[in-house]
Amino acid sequence: MEPPSWFRMARFGVESRLPWPLAYALMLGRRVRKGDRVLDPEAQIIGEFIQLFRPPGPQTVNPALSRPAYRMLVGSASVPLRKSVHKRTIMVKGAAEPISACVYTPKESWKDKESLPLLVYFHGGGWIQGDLVTHESICSEICARSPCIVVAVAYRLAPEHRFPAGVDDCIAAYQRIARSAEQLGSSPDNLFIGGDSAGGNITAILCHTIAAEPQLPSPRGQILIYPAVDMHMDSESFEEMKDAMLLDRDRCLCYRDLYLGKVTNSSPLLNDWRVSPIFASEESFAKQPPALILSAGFDPLRDDAAMYHEKLKKHGVPSTLKEYSGQIHGFLHFSLLARDATRAFDDIAQFIRGAASP
């Protein structure tokens, strides 16, 4: 069936990187609302563009198809590598064998050999997709705006390597990167950890691991971007946003099964803090570093971010929660189209500058 004329115009807008006033004009009278939240028109165009390529009905995920599709989507909607950023690929220690990582450094600081904050970054993608290519733009923007060094880690993915392979890779990589901080242009006392979605899950798990293992250097802060922290996936936002654009409840559950194997909500595995970091011990929460948590209003994971923020605050940990109420999951990828992505990058840069050692 031929899509309606408004949709053909919207698709042209996405492909041609439309200015935001056009986005508002295209969505006039068609804005999506949930309670007191209104979906941003840029996010709505992106979401409906993506839905065009997904079959109706319950979602299933085939990693062989979703991985290249994810790359293509991100490549068409994100700002390219900044000219002011130097990028190189290195190998770091993984849990089983060396794994790839990309180092992003501001060029001027690289030349002057200044000591900068260092962010170890773990990409999202439902634990089954995403890589150093899909997250190049996010890492480049954080690097340039902060400024800081960013080291993005390519951990092993499910279903080829199910839990805990990816988590174990990230723990091993963090340990190695921390030991090499001075060689990378930073110092072990100026480290940050961050990630989006599945990478936010891994970031939170790593911070709890560090709390239990004093030989691992503590980060100055953690950056959790629309993180998954409770793998039961049964919060109120999961019900309210069960049909959300880009990431709906069915897709989340598919990711969970590919990552953990088939589980039910009564499975004890879902209460393991190395799967659901919201269930870490009270003692561990009290030892957490300051946090910046970003969430999207039209995202099943919205309540995860809020619950984690409240639990950190309950234990006296400085935590800032910023909800972008009109956005969808993954909006930092859409920096060519979504103005909120630029605002989020500025929030991250401000957090790093504020928490970094002098």
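**Pocket, salt bridges and cores in a predicted model**

Helix 4 supplies three residues to the lining of the second largest pocket, the largest share. Helices here (H or I, at least four residues) and strands (E, at least two) are DSSP runs, numbered from the N terminus. The model is predicted: local features need pLDDT of at least 70, side-chain atom pairs count only at pLDDT 80 or more, and totals for chains, interfaces and linings use all residues. Residues are numbered from 1 along each chain as its sequence is written, and side-chain values use heavy atoms, with hydrogens and water left out.

The second largest pocket has a volume of about 150 Å³. Eleven residues line this pocket, and the closest to its centre are Val74, Gly75, Ser78, Val133 and Glu136. Helix 4 and helix 6 are the elements that give two or more residues to the lining. A pocket is found on a 1 Å grid over the protein atoms alone, as an open set of points where a 1.4 Å probe fits, with protein on both sides within 12 Å along at least five of seven lines; lining residues have an atom within 4 Å of a point. Grid points are joined across faces, edges and corners, and the volume is the space filled by probe spheres set on the points.

Arg71 is partly exposed, with a relative accessible area of 43%; the classes are buried under 20%, exposed over 50% and partly exposed in between (1.4 Å probe, protein chains only).

The count of salt bridges comes to 18. Another of them joins Glu240 and Arg302, with the closest N and O atoms 2.7 Å apart. This pair links distant parts of the chain, Glu240 in helix 9 (residues 236-240) and Arg302 in helix 12 (residues 302-314), 62 residues apart. Glu240 is partly exposed at 28% relative accessible area, whereas Arg302 is buried at 8%.

The 13 residues of helix 12 should span 18 Å, and its end C-alpha atoms are 19 Å apart, which agrees; the expected span is 1.5 Å times one less than the number of residues. The buried residues of helix 12 include Asp303, Asp304, Tyr308 and Leu312. Ser235, in the loop between strand 8 (221-225) and helix 9, is buried as well, with a relative accessible area of 13%. Leaving aside neighbours within four places in sequence, Ser235 is in contact (heavy atoms within 4.5 Å) with Pro300, Asp303 and Asp304.

A nonpolar core is a set of buried Ala, Val, Leu, Ile, Met, Phe, Trp, Tyr and Cys residues joined through side-chain atoms within 4.5 Å. Of the 52 residues in the largest such core, Phe122 and Ile177 touch the most other members. Among the elements that give two or more residues to this core are strand 5, helix 7 (165-179) and helix 8 (198-212). Helix 7 gives the most, with seven residues. Apart from this core lies another, of 46 residues, among them Ala77, Cys143, Ala152 and Phe345.

Methods. A salt bridge is a side-chain nitrogen of Lys or Arg within 4 Å of a carboxyl oxygen of Asp or Glu.
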